[in-house]
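My notes follow the order in which I looked.

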Amino acid sequence: HSMGSLRAICNKLYSPSILIPYSRLLRDGTVVQAEITDVSDNAVVTRSPDGTTRKIAFDFLVVATGAAWDFPYRPKATDAREAMKELESSCAVVEASKSVLVIGGGAVGVELAGEIKSVLVIG
């Protein structure tokens with residue numbers, strides 16, 4: 001999840017709060033993380049990372065492919081443990097920095113600069 005990832009880069013105590021297990025995401029439904037290998041009028045075929053295939057029937061299909069944001073806005077890892085390692089590593093780099101250069105004055109650049117400034121004292 002990208003919400004809060006910029007703060008998580010600067011505050012390792014905040015990192016666990018941005019990772020939401022998909023198993024707790026829906027009350028009435030199932031989240032399937034897989035590649036779609038085939039689409040028909042009434043079903044899709046998925047392939048999981050372990051190679052398992054599954055046919056899922058539907059009455060109505062919504063294709064919501066998500067966004068493709070680069071790190072640091074969205075961690076590269078898809079596994080929660082790996083994402084935590086990624087965030088902690090970036091946080092350690094920020095904490096050890098004597099100076100930080102942010103290139104880009106858009107919303108993400110300004111937000112990241114603010115998060116860095118909130119935790120890093122540069123004299």
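Of the five residues of β3, zero are buried, so the strand lies largely in the open. Helices (H or I, at least four residues) and strands (E, at least two) are DSSP runs, numbered from the N terminus.

I noted the basis of the model: it is predicted, local features need pLDDT of at least 70, side-chain atom pairs count only at pLDDT 80 or more, and totals for chains, interfaces and linings use all residues. Residues are numbered from 1 along each chain as its sequence is written, and side-chain values use heavy atoms, with hydrogens and water left out.

Next I looked up the sheet around β3. It is an open sheet of three strands in the order β1-β2-β3, with antiparallel pairing; two strands pair if DSSP finds at least two bridges between them. β1 (35–39) and β3 (53–57) are the edge strands, each with a single partner, so one side of each has no neighbour in the sheet. On average, neighbouring strands of this sheet are turned by 30 degrees against each other, direction ignored. The axes behind that angle are lines fitted to C-alpha atoms, for helices over the stretch in contact, and angles run from 0 to 180 degrees between N-to-C directions.

I then went through the pairings. β2 (residues 43–47) is joined to β3 by five bridges and the two run antiparallel. Val-44 has Ile-56 of β3 as its bridge partner, and Arg-47 stands opposite Thr-53 in β3. Five residues lie between the strands in the hairpin of β2 and β3, where Gly-51 takes a positive phi near 95 degrees. β1 and β2 pair in the antiparallel sense over four bridges, with Asp-38 opposite Val-45 in β2. These two strands form a hairpin with three residues between them.

Which loop holds Asn-42? I found it between β1 and β2. Asn-42 is partly exposed, at a relative accessible area of 46%. Setting aside neighbours within four places in sequence, I listed its contacts (heavy atoms within 4.5 Å): Asn-42 touches Ile-56, Ala-57 and Phe-58. Asn-42 and Phe-58 are 16 residues apart in sequence, yet their C-alpha atoms are 5.3 Å apart.

I turned to α2 (residues 80–96). The helix has 17 residues and reaches 24 Å from first C-alpha to last, close to the expected 24 Å; the expected span is 1.5 Å times one less than the number of residues. Which residues of α2 are buried? They are Ala-83, Met-84, Glu-86, Leu-87, Ser-90, Cys-91 and Val-94. They cover an arc of only 160 degrees around the axis, which puts them on the same side of α2; the arc is that of the directions from the helix axis to the C-beta atoms. The buried residues of α2 pack against α1 (5–10) and α3 (107–119). On the other side of α2, Arg-81, Lys-85, Val-93 and Ala-96 are exposed. At the start of α2, a side-chain oxygen of Asp-79 comes to within 3.1 Å of the backbone nitrogen of Arg-81.

Last, I noted the chain as a whole. It has three helices and three strands, in the pattern α-β-β-β-α-α along the sequence. Of its 123 residues, 20% count as buried.

Key
Buried < 20%, exposed > 50% of the residue type's maximum accessible area, 1.4 Å probe, protein only. Polar contact = N/O pair within 3.5 Å; in protein donor to acceptor, adjacent residues only side chain to side chain.
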